Amino acid sequence: MSTSFDIILREIFFGGIGTALNMLKILIPLMIIVEILLVYNVMEKVADKLQFLAGALGLEKQSVFPLLVGIVMGVTYGAGTLIEINRKTPIPKRDFVLIGIFMFLCHGIIETAFIFGVAGANLAAVTVGRLVIAFAVTAAAARLPAIRRIVK
């Protein structure tokens, strides 16, 4: 009984370290790429091209960039970007709520897709599924009377 317990503990320990190292192989280069994209304003250019999404989700034009950052980089960067953009050009409270709903359902899409991929999931199914669900729920929430009543 003792030898099997030792084997289990070793497998947990070394398996955990192996999984963590696999995740680091993905996350470190990804974060470097994201920082490069931010420095060269690639995210802002992509946000300009995706302005049509603002209307579909019931958002103002200036809300697309923080939403895009949240989708790609995660909640922390997305929230930080949202706060920073709000200082420069105020974003309506309603948009804060809608961005929060979207980011709750679909944040860090690239990062989490690769993490799920390490665990054996289908990357396309995870990514497309999360985007579709987040888009549908946010678009539906934008049309709810309680959300519509939120003003600046």
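Let's start with helix α4, residues 64-73. All 10 of its 10 residues are buried, so α4 is largely enclosed by the rest of the structure. Keep in mind that this is a predicted model.

Which residues are they? The buried residues of α4 are Val-64, Phe-65, Pro-66, Leu-67, Leu-68, Val-69, Gly-70, Ile-71, Val-72 and Met-73. Just after α4 comes Gly-74, and Gly-74 takes a positive phi of about 115°.

Now to the outside. There is a nonpolar patch on the surface. Its members are Phe-13, Phe-14, Ile-17, Leu-21, Leu-24, Ile-28, Ile-32, Ile-36, Val-39, Tyr-40, Val-42 and Val-46. Together they have about 1,100 Å² of accessible area.

Which helix gives the most to this patch? α1 does, with 9 residues. Two helices, α1 (2-39) and α2 (42-49), each supply at least two residues. An α-helix has 3.6 residues a turn, so residues three or four places apart point the same way.

Phe-14 is exposed, because its relative accessible area is 52% and the cut-off for exposed is over 50%. Phe-14 also forms an aromatic pair with Phe-13. A search of the whole structure finds 1 such pair. The geometry is edge-to-face, at 5.1 Å centre to centre, with 75° between the planes.

Next, Val-39. Val-39 sits in helix α1. Its relative accessibility is 60%, so Val-39 counts as exposed.

Then Val-46, in helix α2. Is Val-46 exposed or partly exposed? At 34% relative accessibility, Val-46 counts as partly exposed. The C-alpha atoms of Val-46 and Leu-68 are separated by 8.4 Å, and the two residues are 22 residues apart along the chain. Leu-68 is one of the buried residues of α4.

Last item: the largest pocket. Its volume is about 270 Å³. How many residues line the pocket? There are 12, and Glu-44, Ala-47, Gln-62, Phe-65 and Ile-85 lie nearest its centre. Phe-65 is also among the buried residues of α4.

Which helix supplies the largest share of that lining? It is α2, with 4 residues. α2 and α5 (75-88) each supply at least two residues of the lining.

α2 supplies at least two residues of the nonpolar patch, and α2 gives the largest share of the pocket lining.

Terms used:
Residues numbered from 1 in each chain as written. Predicted model: local features only at pLDDT ≥ 70, side-chain atom pairs only at ≥ 80, totals over all residues. Heavy atoms only, no water. Phe/Tyr/Trp six-rings, centres within 6.5 Å; stacked < 30°, edge-to-face > 60°. Buried < 20%, exposed > 50% of the residue type's maximum accessible area, 1.4 Å probe, protein only. Patch = residues over 30% accessible without salt bridge, like charges linked within 9 Å, V, L, I, M, F, W, Y side chains within 5 Å. Areas by Shrake-Rupley, 256 points an atom, 1.4 Å probe, with all protein chains shown as cover. Salt bridge = Lys/Arg side-chain N within 4 Å of Asp/Glu carboxyl O. 1 Å grid on protein atoms, 1.4 Å probe; cavity = no way out; pocket = protein on both sides within 12 Å on 5 of 7 lines; lining within 4 Å. Points joined across faces, edges and corners; volume = space filled by probe spheres on them.
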